Amino acid sequence: MTLNPLDLIAQMPGALAQGLIWGIMAIGVYITYKILNIADLTVDGSLCTGGAVCVVMIMNGYGVTLSLVAAFAAGLITGLATGIFHVFFGISAILAGILTQLALWSVNLVIMGRANQSINVNNYDLLVSLRYLQEVMKGARPFYWSPIFVVGIFVLIIVAVLYWFFGTELGSSVRATGANANMARAQGINTDSNKILGLMLSNGMVALSGALLTQYQGFADINMGRGAIVIGLAAVIIGEILFFKFFKNFALRMLSVVLGAVIYFVVIQTVLWLNFDSNYLKLFSALVVAIFLAVPYWKKKFTPFSPKRKGDADCA
Amino acid sequence: MKTARILIAPLVCFLMIFSMTACKEKAPDSYVVGISQLVQHVALDAATKGFRDALEEKLGDKVTFTEKNAQGDIPTCTTIANSLVSSKVDLILANATPALQAAAAATADIPILGTSITEYGVALGLDDFDGTVGGNVSGTSDLAPLDQQAQMIKDLFPDAEKVGLLYCSAEANSLYQVNTVKGYLETLGYSCTLYPFSDSNDLAAIATTAANDSDVIYVPTDNTVASNTGIIDNICRPAKVPVIAGEKGICEGCGVATLSIDYYDLGYATGLMAYKILTGASDISEMPVEYAPNFEKMYNAEICEELSITVPEGYSPIEG
């Protein structure tokens, strides 16, 4: 079969919408991975928790807004669990995340009642759906129903709120905790509670993203979060490599992480379009991330002398 | 300057690809069929092959396939659905439940046929499912006659008391089958215990427990089991516990006997439905969900011999 570039162009809005939804999740990963300096694996579970809560709420007749709020709250609780494991049980952060993720498998099954819960766009008024995207393009719906528009607004609001929050005294102490825990403690900051707060906020974002994702794809599945952390990290890394050089501002950096997620899905969509044997899809995803990780290292290694190396500007 | 170069490079690449592929007019009576499959394993692969064979037999060169496999990733199912719908394929085959759900979320216009789906009402969240989905969705179900499978356990192992039901807790279809079969088995006088495992990592531990506590083990049509029959075989055969399987592929790997549907036949039946839709002979919104055309009692000769089980009349051996 020949490759038709017009097909690829037609597929881009879908990749963009999916990338934006995962971008919210990537902001969550950015909070733990870059700001708090913790690799948090809770996300593989909390993504599904958000989706599960949202689906069950909508099915029981609650509005979409309330369902999204509930999903966010459920995400906060998952982060709290990891935080408690980490801070009060003294379990290393990565293991604490894995434990919560494990426990969430059962919790998610209980919430949904079974492994896969459908939320059919024909029966419910959903905020975003892959269906709307097609309908907007055909002109059957006004543009503001496009998931790209709706999720875009979501992203802007989230970035604005987080930008404000991380500028407050409380937010600044979370950042200080991640940048240098010992120094932060010396300044009288309670690093333990700040770590928990960061983990909660991060998983709240992830669960919110999961809630949007279930509506977009039309179902919640117990496996939907599997490997989510890889997509999240890929988004953070792609955003960092491509945009952090130009974007020094914290809000812009969060946006560039979202763009990283968009680029990830554009790449995946393109790989699918290329009609590669899809058995190689995961190999390809891994290679993309590896290359993005390697580029800055190679640059440093093979550039003989860089006159303008200032201090490490990565401490956001 | 450098930034400009970075931006221009992909654009040039893109234009090069663009110029290489001239826009091709679609022949009026040719069809493009998109196939979205959740993961590769014996049963799903067989269904896809049956589907393709049926359409190729009927339409020959006039049909081309765009086959995509999500490698078990849920996000990729959505990406694939978007890719097929945006490319405006003429029909989508969704192989396994998440693939169907993603495709159904993506389009209300392009006909979608599901296959290897157990319960359409559950998969699509329909409260009043009466055998016809309506709209742009129909397909085939892989639901095996569970009452007859329960009866088969009674025929083969009348003296057994405890039946362990081993299934993956991540699969909604498996839970549905296990619960149904449990009801039938309990009316036949067996005591049943559920042994759900979460993924292939804890399958071995759960299967060992199940083998210790049960006289017979039943496994439903379960994707995770289908991919890991070797583990179950290595545990149950030494423990001398016979396994009754929900379908042929699983029985071939670790089972004693099965009342099986053939996924190739199921896919083939789906292909015939697709043919009727593509040629305009049938309207998908009025097509009821079809079930497997025939069931066959089969046994695994090697394992039966090792466990010294004599198979009654009417069973045919699985040819490996």
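Biologist: How many residue pairs are in polar contact between chain B and chain A?

Modeller: Bear in mind that this is a predicted model. A pair counts here if both residues reach pLDDT 80 or more. Between chain B and chain A, the count is 21 residue pairs.

Biologist: Which element gives the most to the side of chain B that touches chain A?

Modeller: Six elements of chain B each supply at least two residues to that side: α1 (2–20), β2 (63–69), α3 (74–86), α4 (97–106), α5 (120–123) and α7 (172–187). With 11 residues, the top contributor is α3(B).

Biologist: How do the residues on that side of chain B divide into nonpolar, polar and charged?

Modeller: The contact takes 50 residues from chain A and 49 residues from chain B. The chain B residues divide into 23 nonpolar, 20 polar and six charged.

Biologist: What area is buried between chain B and chain A?

Modeller: The size of an interface is often given as the accessible area lost when the parts come together. Here carbon and sulfur atoms give 57% of that area. The total is about 4100 Å².

Biologist: Which side chains meet in a salt bridge across the interface of chain B and chain A?

Modeller: The rule finds one salt bridge across this interface.

Biologist: Why is helix α5 (residues 130–138) of chain A described as largely enclosed, and what does it pack against?

Modeller: Seven of its nine residues are buried, so the rest of the structure largely encloses α5(A). The buried ones are A:L130, A:R131, A:Y132, A:L133, A:Q134, A:E135 and A:V136. They pack against α1 (5–35), α6 (147–165) and α9 (191–217) of chain A, together with α3 and α4 of chain B.

Biologist: How far apart are the end C-alpha atoms of helix α11 (residues 250–273) of chain A?

Modeller: The helix has 24 residues. At 1.5 Å a residue, they should span 34 Å. The model agrees with that, because the end C-alpha atoms are 35 Å apart.

Biologist: Which residue caps the N-terminal end of α11(A)?

Modeller: Of the 24 residues of α11(A), 17 are buried, so this helix too is largely enclosed. Just after it, A:N275 takes a positive phi of about 60°. At the N-terminal end, a side-chain oxygen lies 2.7 Å from the backbone nitrogen of A:A251, and the capping residue is A:N249.

Biologist: Is B:T270 buried or exposed, and which backbone oxygen lies 2.7 Å from a polar atom of its side chain?

Modeller: B:T270 sits in helix α12 (residues 263–278) of chain B. Its relative accessible area is 0%, so it is buried. Leaving aside neighbours within four places in sequence, B:T270 is in contact with B:F51, B:L93, B:L113, B:G114, B:T115 and B:T140. The backbone oxygen at 2.7 Å belongs to B:L266.

Biologist: How many residues apart are A:E240 and A:K34, which form a salt bridge?

Modeller: The closest N and O atoms of this pair are 3.1 Å apart. A:E240 counts as buried at 15% relative accessibility, whereas A:K34 counts as partly exposed at 26%. A:E240 lies in helix α10 (residues 228–243) and A:K34 in helix α1, so the pair links distant parts of chain A, 206 residues apart.

Biologist: Where do B:R52 and B:E67 lie?

Modeller: Their side chains meet in a salt bridge, at 2.3 Å from N to O. B:R52 is partly exposed at 24%, and B:E67 is partly exposed at 36%. B:R52 is in helix α2 (residues 42–59) of chain B, and B:E67 is in strand β2 of chain B.

Biologist: Which residues do salt bridges that share partners join into one network?

Modeller: Start with B:R237 and B:D233, whose closest N and O atoms are 2.8 Å apart. B:R237 is buried, with a relative accessible area of 15%, and B:D233 is buried at 11%. The network joins B:D233, B:R237, B:E302 and B:E306.

Notes. Residues numbered from 1 in each chain as written. Chains lettered and ligands numbered in written order. Predicted model: local features only at pLDDT ≥ 70, side-chain atom pairs only at ≥ 80, totals over all residues. Heavy atoms only, no water. Contact = heavy atoms within 4.5 Å. Buried area = accessible area lost by both parts, 1.4 Å probe. Salt bridge = Lys/Arg side-chain N within 4 Å of Asp/Glu carboxyl O. Polar contact = N/O pair within 3.5 Å; in protein donor to acceptor, adjacent residues only side chain to side chain. Helix = DSSP H or I, 4+ residues; strand = E, 2+ residues; numbered from the N terminus. Nonpolar A, V, L, I, M, F, W, Y, C, P; charged D, E, K, R; others polar. Expected span 1.5 Å × (residues − 1). Buried < 20%, exposed > 50% of the residue type's maximum accessible area, 1.4 Å probe, protein only.
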